[in-house]
Amino acid sequence: MKNRMRLFIVGLVCCGVCFVSNKLIAQTPVQKLQRLSQVLNLSAQQKGEMLPILEQEGPKLEAIKNNPDLTPAQKAMQLRAIHQQTDPQVKTILSPQQYQEWKTIRQHEIEQAIQRKAEGPE
C-alpha cells in the first residue's frame with residue numbers, strides 16, 4: 001500500500017514538473033525564476049541567488065536552441081554542457097529535494113527544445 005502511494009505521488013510530481021517545465025522554455029530569466037519559484041517553493045534568498053545564474057545562462061541556452069546548424073543531438077550535448085557548468089552553483093542553493101526536481105525540469109527542457117526545433121516553426 002505504501003509503495004502504491006509513493007508511486008502515485010511520484011507520478012503526480014512528474015506530471016506537474018512536465019506541465020510547468022513546458023512553460024519555462026523561451027522565457028526571460030525573471031519569468032523563469034517565477035515559475036521555478038512556484039514549482040520548487042524557493043525562499044526569497046534562493047530566488048536572489050538563482051536569478052544571476054539564470055541571467056547568465058539564458059542567452060547561451062537560447063543561442064544553442066536557435067542555432068539551425070546544430071543537429072538535435074549536438075544541441076542536447078551543448079545544452080547539457082551548459083547545465084553541467086551551472087549545476088554546481090545551483091546545487092549549493094537548493095535543498096536535495098529541490099535539486100532533484102530542478103534536474104528533472106532541466107532534462108525536460110532539453111527534450112522539449114529539441115522536439116520543438118525538430119518539428120520546425122509552428
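Trainee: How many residues does α4 have, and what does α4 reach from its first C-alpha to its last?

Mentor: This is a predicted model. In it, α4 has 22 residues, and the distance from its first C-alpha to its last is 30 Å, close to the 32 Å expected at 1.5 Å a residue. Helix α3 also has 22 residues and reaches 30 Å, again close to an expected 32 Å. For α2, the 12 residues should span 16 Å at 1.5 Å a residue, and the end C-alpha atoms are 15 Å apart, so the two values agree.

Trainee: Where does the kink in α4 lie?

Mentor: The kink, of about 40°, is at D87, shortly before the proline P88. Helix α3 has a bend as well: about 35° at E57, with the proline P59 following within four residues.

Trainee: What elements does the protein have overall?

Mentor: Five helices and zero strands, in the order α-α-α-α-α from the N terminus on. Of the 122 residues, 35% count as buried. Among contacts with a separation of 6 or more, 61% are accounted for by residues 24 or more positions apart.

Trainee: Which residues of α2 are buried, and how do I read their placement around the axis?

Mentor: An α-helix has 3.6 residues a turn, so residues three or four places apart point the same way. In α2 the buried residues are K32, L33, L36, S37 and L40. They cover an arc of only 140° around the axis, which puts them on the same side of α2. Just after α2, N41 takes a positive phi of about 55°.

Trainee: Which residues are buried in α3 and in α4?

Mentor: For α3 they are Q46, M50, I53, L54, E57, G58, L61, I64 and K65. For α4 they are K75, A76, L79, I82, H83, T86, D87, V90 and I93.

Trainee: Which members of the largest nonpolar core touch the most other members?

Mentor: In soluble globular proteins, nonpolar side chains tend to be buried together. Here the largest core has 13 residues, and those touching the most other members are L36, L40, L42, M50, V90, L94 and W102. Two or more residues of this core come from each of α2 (29–40), α3 (44–65), α4 (72–93) and α5 (96–119). There is also a second, separate core of seven residues, including L61, I64, A76 and I82.

Trainee: How many salt bridges does a search of the whole structure find?

Mentor: Side chains of opposite charge can pair when their charged atoms come close. The search finds two such bridges. One joins R106 and E57, with the closest N and O atoms 2.4 Å apart. This pair links distant parts of the chain, since R106 is in helix α5 and E57 in helix α3, 49 residues apart. Both R106 and E57 are buried.

Trainee: What are the partners in the other bridge, and are they buried or partly exposed?

Mentor: K65 pairs with E62, the closest N and O atoms being 3.7 Å apart. Both lie in helix α3, three residues apart, about one turn of the helix. The cut-off for buried is under 20% relative accessible area. K65 has 10% relative accessibility, so K65 counts as buried. E62 has 27%, so E62 counts as partly exposed.

Notes. Residues are numbered from 1 along each chain as its sequence is written. This is a predicted model: local features need pLDDT of at least 70, side-chain atom pairs count only at pLDDT 80 or more; totals for chains, interfaces and linings use all residues. Side-chain values use heavy atoms; hydrogens and water are left out. A nonpolar core is a set of buried Ala, Val, Leu, Ile, Met, Phe, Trp, Tyr and Cys residues joined through side-chain atoms within 4.5 Å. Buried means under 20% relative accessible area, exposed over 50%, partly exposed in between (1.4 Å probe, protein chains only). The expected span of a helix is 1.5 Å times one less than its number of residues. The bend at a residue is the angle between axes fitted to the seven residues ending there and the seven starting there. A salt bridge is a side-chain nitrogen of Lys or Arg within 4 Å of a carboxyl oxygen of Asp or Glu. The arc is that of the directions from the helix axis to the C-beta atoms. Contact means heavy atoms within 4.5 Å.
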